[in-house]
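Colleague: Hi! Could you walk me through this model while I have it open?
Modeller: Happy to, just ask away.

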Amino acid sequence: VFGAMLAALLVGLGFVGWPRRVWLPVLVAVHFALGLYTLKLSPEPQIDVFYLHRESCKAFLSGQNPYHATWPDIYNGNPLLDIPGTVSNGRVVGGFPYPPVSLLSALPGYLLGDFRYAELAATAVTALLLGFSGKTRLAALAAALFLFTPRTFFVLEMGWTEPFVLMFLAAALFCFAGGRRTLGAVFLGLFIASKQHVFLTMAIAGRLVGAPFRWKEFARMLATAISTAGLVTLPFLLWDPPAFFHALLAAPMHHVFRPDSLTYMAWLFKEAIHLKLTGAAFVAGLAAMGAAIWRAPRGPSGFAASAGVFYLVFFLLSDYAFCNYYYMVLGMFAAAVATGSPREVDDRSRERERVVAAPVA
C-alpha cells in the first residue's frame, strides 16, 4: 500500500510540472521494488511459462539445445492446456516455444536466481526509454501509465515474455526519435526476433523512415534489422533445424481452442455460438493496420500506434489471446503517446496540406 501511495504521489508531481528527470527514475525504482516483492510472494507460479523458461535456461547453460528442453507437466495432461502429443512420462517435450532473443534476454535473471528478474529489469528500462524519448512531460506520464497499468505485476508474476518485446520496441523508438537510425534498426531487428508474430510489424516499418519517404533509407533500415534478427536466430536454427521449427512453428499451431481466452470467439462460445473467426482476425487486423497507417503520422509514434491498432483487432478476433497479449498492446499505445511530438504532428499536417493543395496548383 505504501508503495502504491508513493507511486501516486510521484505521478502527481509529474502532473504539476516537476522535471521528469527528478520524479520518473524514482517512480521506476518504486515499481522495481514492488516487482521484487511480487516475485518474493510468488516464487513458483503454477503456469507452464515459468517452468519452461527455467528448464530451457538450465539446458542452455548446460550446453544442451534449449529446443530439446522438457519441463514438468503441471496440468496433468489437460487437453485444453497441454499441446496434444507433447506430454511423455509426466513431462512436456515441446522444446522452448519462443525465439532465441527471448531465451537470451531471460538468462541474466536466471543466473541471479529467477529469470523474471530480467523481465522486471526490462520493464524498468522500457519505462525510462519511453519517458525520455518524447519532448514533453506527456512522455513521462505515458511511461508511468505503462508501469502501473492494472495487470503489470500479474504479467511479471506469470513470467510472460512481453516485457522483452516491449523493451526492444522502446529501444528502437528511442533511437529513431533521437536520430540514431542505424542503432534503431539494430533494436528493430531484436524486436521482430523477440516473438513469432512480431515480424508482421515489418509491414508498417516504413513509418519509421519519416517524411519525406526515401526508399534507399528504408532498404538500409530493413537490411540492418533483418541481419540483426538473423545473426541472433541463425545459430540456434543451425543447431537442430527440425527441433527449432517444431518448437517455434509446428507445436504452437496445434494449440486447441481455449474457451477461457480473452477474445470475442471465446465470448461467443460461452453464448453457445460456435463461430470460427481466425480468418477474419487476419483480414480485420490488416484492415485496421491500413487505416492506422493512413491516419498515423510518420515516425516512431505512428509506427507504435499502427502496431497497437493491428494487434488489438487481431487478438480480439483470434481464437487464442490472454492478458499478456493485451499488455503488449497497451505498451505499444503508451509508446505511441511517449514518442509523439509536435514536430510529427506538424509533418503530418504539412503533408495533408500539400495533398489538398495539389489539385488547385
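Colleague: Where is His68 found?
Modeller: His68 sits in the loop between α3 and β1. Helices here are DSSP runs of H or I with at least four residues, strands are runs of E with at least two, and both are numbered from the N terminus. Before we go on, this is a predicted model, where local features need pLDDT of at least 70, side-chain atom pairs count only at pLDDT 80 or more, and totals for chains, interfaces and linings use all residues. Residues are numbered from 1 along each chain as its sequence is written, and side-chain values use heavy atoms, with hydrogens and water left out.

Colleague: Okay, and how accessible is His68?
Modeller: His68 has a relative accessible area of 46%, so it counts as partly exposed, the class between buried (under 20%) and exposed (over 50%), with a 1.4 Å probe and protein chains only.

Colleague: Which residues is His68 in contact with, leaving aside neighbours within four places in sequence?
Modeller: Gly95, Asp240 and Ala243. Contact means heavy atoms within 4.5 Å.

Colleague: And what separates the C-alpha atoms of His68 and Leu312?
Modeller: A distance of 33 Å, for two residues that are 244 apart along the chain.

Colleague: Let's move to the aromatics. How many aromatic pairs does the structure hold?
Modeller: There are 25. Rings of Phe, Tyr and Trp (its six-membered ring) pair if their centres lie within 6.5 Å; planes under 30 degrees apart are stacked, over 60 edge-to-face, and the rest tilted. One of the pairs is Tyr67 with Phe96, whose centres are 6.1 Å apart and whose planes make 65 degrees, so it is edge-to-face.

Colleague: Which parts does that pair tie together?
Modeller: Tyr67 is in the loop between α3 (48–61) and β1, and Phe96 is in the loop between β3 and α4 (100–111), so parts that are 29 residues apart in sequence are tied together. Both Tyr67 and Phe96 are buried. Tyr67 also pairs with Phe244: the centres are 5.1 Å apart and the planes at 65 degrees, so this pair is edge-to-face. It links distant parts of the chain, since Phe244 belongs to helix α11 (residues 241–253), 177 residues from Tyr67.

Colleague: How many bridges join β2 to β3?
Modeller: Two, and the strands run antiparallel, with β3 covering residues 91–92. Ser88 stands opposite Arg91 in β3. In the loop between β2 and β3 lies Asn89, whose phi is near 55 degrees, a positive value in a residue other than glycine. Asn89 is exposed, with a relative accessible area of 81%.

Colleague: What about α6, how many of its residues are buried?
Modeller: Eight of the 11 residues in α6 (137–147) are buried, so the helix is mostly covered. Among them are Leu141, Phe146 and Leu147. The buried residues of α6 pack against α1 (2–15), α2 (20–41), α5 (116–131), α7 (152–158), α8 (162–177) and α15 (323–339).

Colleague: One more residue: is Lys195 buried or exposed?
Modeller: Lys195 counts as buried, at 7% relative accessibility. Lys195 is in the loop between α9 (181–192) and α10 (215–239). Leaving aside neighbours within four places in sequence, the contacts of Lys195 are Tyr98, Pro99, Thr161, Glu162, Val165 and Asn324.

Colleague: And zooming out, how many helices and strands does the chain have?
Modeller: The secondary structure comes to 16 helices and three strands. Of the 361 residues, 51% count as buried.

How values were computed. Two strands pair if DSSP finds at least two bridges between them.
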